[in-house]
Amino acid sequence: MNCKNCGAELHEGAVFCGNCGMKVMEEPVYQPPEQPVYAEPNQGEYHQESYTEYQEQGSYVPPVMPEYQAEPVVDGERPNTVLWIVLAAVEIFTCCQLTGIISLIFAILGHVAADKGDFAEAAGKIRTAKIWFWVGLGLGLLFVILYVVLVALGIAAGLAEEILYY
Amino acid sequence: MKKRIAITLAAAFFAAAALVYLYFTGEGEGAGIPCVFHQITGFYCSGCGSSRALRSVLHLDFYQALRYNAIFTIGLPLLAVYFGALVFSYIRFGKDRISEKISMKLIWVFIAAALLYGILRNIPAFSFLAPVTLA
Ligand SMILES: [Zn+2]
Ligand SMILES: [Zn+2]
């Protein structure tokens, strides 16, 4: 959640914004009791009908929440797709083109979904893009560390040889 | 805000350490990370030579940087401005207010150019695009 006044990220349960000090106005957030179908990313668009169908099955009675039906926004904000497209592209160039390309593809798919207004789908794609980005970065770092260790071992071995034979 | 500055400084420290390491690698060497694609296929990918290019930029040898990886070298100043703005936005607002203002057209052009570059540098007629260490 973000501060309504300055936009800074808020800690969970914060009463005042840590950045500007504004009192946090809690909007009543509708929390579904179980993992709801309509909030699942990667499952395509959220349709109003699917929710009503779900309701008609009788298995699930939502608590009284009139605004929720009037405004069925599951993922309100557009996910940040541009950042992840750029980061994936940079990863292709700097360390790990395999993970970078996968990350880039998912980031682009997310961007396309967000352009269509399907923010839930976009958020899911961006999540996948992030995972691949971090996997690639982790592998790259691991490689650099290994390389440094090997070089250090090589230097150590060279020194040991010098000490032993001269 | 203090916490964000601390996080930024920590990230900047690691980035600076990486750049210092890269600066002191040998001539014609990059970060020492082999390109998996190049190792397997023998072809150059669009990213091949970019860490050597960055090393050359650090040594202010811009022409050599272009010869290692032209598209990376051209994109570098744009990236620097973008990341600089990102860091500023992060410290000031705690969130990214920059990316939404970036022209997607520019990004698509760059991605398309990178793909094309990756193909062309393997074609003999365009072999001047392949990474080369100038004497
Ligand atoms: Zn605030
Ligand atoms: Zn490569």
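1. Basis. The model is predicted, so local features need pLDDT of at least 70 and side-chain atom pairs count only at pLDDT 80 or more, while totals for chains, interfaces and linings use all residues. Residues are numbered from 1 along each chain as its sequence is written, chains are lettered from A in the order in which they are written, and side-chain values use heavy atoms, with hydrogens and water left out.

2. Extent of the interface. On chain A, 25 residues are in contact with 34 residues of chain B (contact means heavy atoms within 4.5 Å). The area buried between the two chains is about 2300 Å², and carbon and sulfur atoms give 70% of that area. Buried area here is the accessible area, with a 1.4 Å probe, that two parts lose on being put together, summed over both. A:Val82, A:Phe93 and A:Gln97 supply 25% of what chain A buries against chain B, more than any other three residues.

3. Polar links. Between chain A and chain B there are 0 salt bridges (a side-chain nitrogen of Lys or Arg within 4 Å of a carboxyl oxygen of Asp or Glu). The rule for polar contacts finds 2 residue pairs across this interface, both at pLDDT 80 or more. A polar contact is a pair of N or O atoms within 3.5 Å; within protein, one must be able to donate a hydrogen and the other to accept it, and residues adjacent in sequence count only if both atoms are side-chain atoms.

4. Largest core. The largest nonpolar core has 21 residues, and those with the most contacts inside it are A:Trp84, A:Ile85, A:Val86 and B:Ile107. Such a core is a set of buried Ala, Val, Leu, Ile, Met, Phe, Trp, Tyr and Cys residues joined through side-chain atoms within 4.5 Å. Its largest share, 9 residues, comes from α3(A). Beyond its neighbours within four places in sequence, A:Ile85 is in contact with residues including A:Leu104, B:Met104 and B:Trp108.

5. A loop residue. B:Ser46 is found in the loop between α2 (36-41) and α3 (50-58) of chain B; helices (H or I, at least four residues) are DSSP runs, numbered from the N terminus. B:Ser46 is buried, with a relative accessible area of 13% (buried means under 20%, with a 1.4 Å probe and protein chains only). The side chain of B:Ser46 reaches the backbone oxygen of B:Ala114 at 3.4 Å.

Technical notes. Buried means under 20% relative accessible area, exposed over 50%, partly exposed in between (1.4 Å probe, protein chains only). Helices (H or I, at least four residues) and strands (E, at least two) are DSSP runs, numbered from the N terminus.
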